[in-house]
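Biologist: I would like a close look at a single part of this structure. Please keep to what the model shows.

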Amino acid sequence: MVRDELFATMDEAEQSLEHFIAERHNGAPLQQAVDNLQQVRGILNLIELAGAELLAQEILQQATDIPAGAGAERDAQLAALSNALHVLRRYLENVETHRQELPEVLLPAINDLRQAGGQSPLPESFFFSAR
């Protein structure tokens, strides 16, 4: 089932990121997290959860930007990554429970990530379009 694979892959990404944060000299866990995040993004694209896919894409971009051996200068970026993964998981659980997408609730996590990576935030109106 796609849902089970999605959550299992997210678990692996979270564990790999935590492992890297604990042992930054070892780039293998970070690469594993990036591989898992690419899979998560692909699944979200497949099931057409655009807001969740955008957050996964931002997480992936930030994770790819962090070098092995990253020091304290990357703490804010790593914290934003961890938080964004947590937010993504809660969002997906909520979508599953309530069968309703509210991508605008992801904007603070997306913008925290963008800010930690030195990018400009997305506007509050990003997920709203005139219909």
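How far apart are the axes of α2 and α3 where they come together, and at what angle do they cross?

Modeller: This is a predicted model. In it, the axes of α2 and α3 come within 9 Å, and they cross at roughly 160 degrees. Angles over 145 degrees count as roughly antiparallel, and α2 and α3 are therefore roughly antiparallel to each other. Their crossing is left-handed. On the α2 side, the contact is made by Leu30, Val34, Leu37, Gln38, Val40, Arg41, Leu44 and Asn45. The α3 side supplies Ala52, Glu53, Ala56, Gln57, Ile59, Leu60, Ala63 and Thr64.

The pair also belongs to a wider setting. The largest nonpolar core has 38 residues, and those that touch the most other members are Leu44, Leu55, Ile59, Leu81, Leu88 and Leu92. At least two residues of this core come from each of α1 (2-22), α2 (28-46), α3 (50-65), α4 (75-98) and α5 (107-116). The largest share, nine residues, is from α4.

Methods:
Residues are numbered from 1 along each chain as its sequence is written. This is a predicted model: local features need pLDDT of at least 70, side-chain atom pairs count only at pLDDT 80 or more; totals for chains, interfaces and linings use all residues. Side-chain values use heavy atoms; hydrogens and water are left out. A nonpolar core is a set of buried Ala, Val, Leu, Ile, Met, Phe, Trp, Tyr and Cys residues joined through side-chain atoms within 4.5 Å. Buried means under 20% relative accessible area, exposed over 50%, partly exposed in between (1.4 Å probe, protein chains only). Helices (H or I, at least four residues) and strands (E, at least two) are DSSP runs, numbered from the N terminus. Axes are lines fitted to C-alpha atoms, for helices over the stretch in contact, and angles run from 0 to 180 degrees between N-to-C directions. Angles under 35 degrees count as roughly parallel, over 145 as roughly antiparallel, 65 to 115 as roughly perpendicular and the rest as oblique. A crossing is left-handed if the near helix is turned anticlockwise from the far one by less than a right angle, and right-handed if clockwise. Contact means heavy atoms within 4.5 Å.
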